[in-house]
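Try each task before reading its solution.

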Amino acid sequence: MHSHHHDHDHDHGHAHGDSPQRERRLLFAFGLTTITMLAEAVGGWVSGSLALLADAGHMLVDAGALMFAWLGAHFARRPPDSLRSFGYARLEVLVGYTNSLTQILLVAWIAYEAFTRFLNPAPILSGTMLVVALGGLLINLFVLRVLGGHDHDDLNTAAARLHVIGDLLGSVGAVAAALVVRYLDWLWADPAISVFVSLLILGNAWRLLRRSAHILLEGVPEGIETSAVSSQLESEIDDVREVHHVHLWQLGGGQRMATLHARLHEGSDSDRAIESIQAALRGRFGVSHATVQIEASECRQSKCATGPECRES
């Protein structure tokens, strides 16, 4: 005889609030970044500056990243269908993961180009380089302002901001390199600053890669421990005797999910207990969707791992 009671909390709202306004900002940022990328590519070719060419290559990747970020935001708003019961929310995590990988590949390319420049220094038109770099710096500052802040769990916009911040750092480096070359005639400063900026980009890209990979691997959301969830529910909810077999993961930005098994005290109302558990999960841990299985007897852990196999002793 089976003695289970399953219930689900179907709040699928986005914590960061995907909106048409956010989509428009990403699309506008894409346009500005593309224009700046073309200007820096031409300026780098004319002036012979690796810092500008590296930043232009960086911005080429970033223009694509912003477009993918826009696509991620757009498709994430689509409702669930028969094939994707949770909708397209995880698309933004895939975008963040892909963007971080492209950043790492870009850093490798910059390092290679810088090495060749160290071996064979090339003349640089520092005046042209400085004007183009300053223009890129101002536009990147404006793009960063257009994107605005973002929720910590919004990996899609976080990826877009990461790319723009990388562009900003690249522009700062290009300005610094132009000044050093112009006034000190140190040609090695151009590839050296390019490497320094690429290392800063690498650190941010690696952190984003780890976060997005953690979500794709169904890892426990940051700041939550499964043992803490069990003890919290057991101490706060009078009807709950024991909570076990807790699974916590994150579907997309700000969408935390949970499944758990709960045993109640004798005479407790299961519907009331489920509502209390779901409310506690939302309020304490930010879980937007919870599936709760109520058990009337001891759970055989070897069976619980496969689902509704808990039987009365």
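**Exercise 1: a leucine and its surroundings**

Leu168 is buried, with a relative accessible area of 16%; buried means under 20% relative accessible area, exposed over 50%, and partly exposed in between (1.4 Å probe, protein chains only). This is a predicted model, in which local features need pLDDT of at least 70, side-chain atom pairs count only at pLDDT 80 or more, and totals for chains, interfaces and linings use all residues. Residues are numbered from 1 along each chain as its sequence is written, and side-chain values use heavy atoms, leaving out hydrogens and water.

Task: Find which residues Leu168 is in contact with, leaving aside its neighbours within four places in sequence.

Solution: 
1. Start in helix α5 (residues 155-184), where Leu168 is found; helices are DSSP runs of H or I with at least four residues, numbered from the N terminus.
2. Look for heavy atoms within 4.5 Å, which is what contact means.

**Exercise 2: a helix pair**

Task: Work out how α3 and α6 are oriented to each other.

Solution: 
1. The axes of α3 (residues 91-119) and α6 (residues 189-216) come within 8 Å and cross at roughly 160°. Axes are lines fitted to C-alpha atoms, for helices over the stretch in contact, with angles from 0 to 180 degrees between N-to-C directions.
2. Angles over 145 degrees count as roughly antiparallel, so α3 and α6 are roughly antiparallel to each other.

Terms used:
Helix = DSSP H or I, 4+ residues; strand = E, 2+ residues; numbered from the N terminus. Parallel < 35°, antiparallel > 145°, perpendicular 65-115°, else oblique.
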